[in-house]
Amino acid sequence: MEQIQISKHGAPNVLSVINKPSHSLGKNEIRIQVSACGVNFADLMMRMGLYPEAPKPPFTPGYEIAGTIIEKGANVTSFNIDDRVFAFTKFGGYTSEAVIDYTQVKIIPTHLSFEQAACIPVNFSTAWVALHNMARIKENDRVLIQSAAGGVGIAAIQLALQAKAKVFATVGSQEKVNYLNQYPLEKVLTYSEWKNEPRETSFDIILDSFGGSSLKQAFSHLSPTGRVVNYGISQITNSNKRSIINTLKTFSQTPFFTPFKLMMQNKGIFGLNMLTLSENPQLLSSIMDEICLMFENKKLNTHISKSFDFENAADAHQFLHDRKNIGKVILTKTIN
């Protein structure tokens with residue numbers, strides 16, 4: 001099988017295609033021929049050496065795949081050969097073939113392509129956990145979604161609207177503002193406009209993916225009993241390589257929250273890491289069942305910003321790093 005490997009920490013050119021023997025198959029496992037895999041900011045961070053949970057190089061990044069079952073273990077009765085499926089991977093997702101426990105595999109909704117299915121695991125589960133499990137979204141909540149034209153942002157917009165919340169958004173360009181105008185949002189702001197937003201503008205829920213100074217500003221705009229869910233620190237990836245100066249700057253701008261401060265202001269803050277949450281596979285599987293049902297009922301949809309050939313993973317990383325994406329970035333693998 002072929003995999004994209006991070007040979008050492010650095011710029012996108014450290015990504016290379018390698019050939020490896022196929023993994024053996026356990027009784028509870030499924031072998032998937034991969035047609036598409038998702039690219040996420042976490043992949044950029046691990047390539048740059050900024051992701052503490054990542055293995056040491058060389059290793060293969062990637063958290064989500066979609067493809068076709070080509071083999072199944074002796075105990076697997078709920079899937080068939082040639083089923084179209086998608087799944088989480090705990091690293092190793094940039095691959096032409098994956099072996100995964102069957103409990104973490106889901107059937108692709110019939111109207112979705114492999115590329116569309118590869119958009120689902122990370123983005124929609126992150127948005128779901130942030131809004132439902134953590135923020136406990138309810139009707140008429142004022143919800144601000146940062147980086148709203150990204151993969152998680154577009155997923156969160158749809159889920160928040162399904163919950164009948166009042167949704168606000170911030171984005172990095174007028175092009176992204178124009179794209180989001182298709183949704184019935186209360187207001188879409190560019191980041192420069194958001195920085196100048198009056199302090200009295202308040203929200204019940206804010207999703208923040210930047211960390212650093214952005215997290216401080218988000219907290220200041222919470223209404224009493226409001227809550228921030230921080231699910232990333234993308235501010236740290238402003239440089240394409242690991243930068244000690246940029247890292248220290250980001251962390252120095254990150255606010256320090258004490259229980260006393262939260263109590264006195266009647267506000268809350270959650271931290272979300274989907275990698276560590278994947279250690280609870282039963283919870284993750286139940287969340288994905290809810291999301292799949294909404295896709296089957298066509299209440300949700302994906303948006304692919306750009307698909308790159310498997311061999312061009314470095315270009316995909318650069319595209320995402322430059323914040324050119326509106327929606328998801330995908331790697332596709334041609335089946336020979």
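What volume does the largest cavity have? The legends below begin with that one. This is a predicted model, in which local features need pLDDT of at least 70 and side-chain atom pairs count only at pLDDT 80 or more, while totals for chains, interfaces and linings use all residues. Residues are numbered from 1 along each chain as its sequence is written, and side-chain values use heavy atoms, with hydrogens and water left out.

View A. The volume is about 70 Å³. On a 1 Å grid over the protein atoms alone, a cavity is a set of points where a 1.4 Å probe fits but cannot get out, and its lining residues have an atom within 4 Å of a point. Grid points are joined across faces, edges and corners, and the volume is the space filled by probe spheres set on the points. C119, N123, F124, G151, I154, A155, Q158, N301, T302, H303, G327 and K328 form the lining. Two elements, α3 (120–134) and α4 (151–162), each give two or more residues to it. Helices (H or I, at least four residues) and strands (E, at least two) are DSSP runs, numbered from the N terminus. The largest share, four residues, comes from α4. By class, the lining has four nonpolar, seven polar and one charged residues; here Ala, Val, Leu, Ile, Met, Phe, Trp, Tyr, Cys and Pro count as nonpolar, Asp, Glu, Lys and Arg as charged, and the others, Gly among them, as polar.

**View B. The second largest cavity.** Look for F86, A87, F88, T103, Q104, K106, P121, L284, S285 and M288 around it. Both β5 (84–88) and α11 (281–296) give two or more residues to this lining. Its classes are six nonpolar, three polar and one charged.

View C. In α3, 13 of the 15 residues are buried, where buried means under 20% relative accessible area, exposed over 50%, and partly exposed in between (1.4 Å probe, protein chains only). After α3 comes R136, with a positive phi near 55 degrees. Strand β6 (residues 97–101) holds I100, which is buried because its relative accessible area is 10%. The C-alpha atoms of I100 and I32 are 7.9 Å apart, although 68 residues separate them along the chain.

View D. Most residues other than glycine have a negative phi, and most peptide bonds are trans. The P57 to P58 bond is cis, with omega near 0 degrees, and P58 sits in the loop between α1 (41–48) and β4 (64–72). F91, in the loop between β5 and β6, has a positive phi near 70 degrees and counts as buried at 14% relative accessibility. R323 has a positive phi of about 60 degrees in the loop between α12 (313–321) and β15 (328–332); at 28% relative accessibility, R323 counts as partly exposed.

**View E. A nonpolar patch on the surface.** F260, M263 and M264 make a nonpolar surface patch of about 360 Å². M263 belongs to helix α9 (residues 259–265) and counts as exposed because its relative accessibility is 52%. Patch residues have over 30% relative accessible area and no salt bridge, with nonpolar side chains (Val, Leu, Ile, Met, Phe, Trp, Tyr) joined within 5 Å. A salt bridge is a side-chain nitrogen of Lys or Arg within 4 Å of a carboxyl oxygen of Asp or Glu. Accessible areas come from the Shrake-Rupley method with a 1.4 Å probe; for residues, only the protein chains shown count as cover.

Note on methods
Patch = residues over 30% accessible without salt bridge, like charges linked within 9 Å, V, L, I, M, F, W, Y side chains within 5 Å. 1 Å grid on protein atoms, 1.4 Å probe; cavity = no way out; pocket = protein on both sides within 12 Å on 5 of 7 lines; lining within 4 Å.
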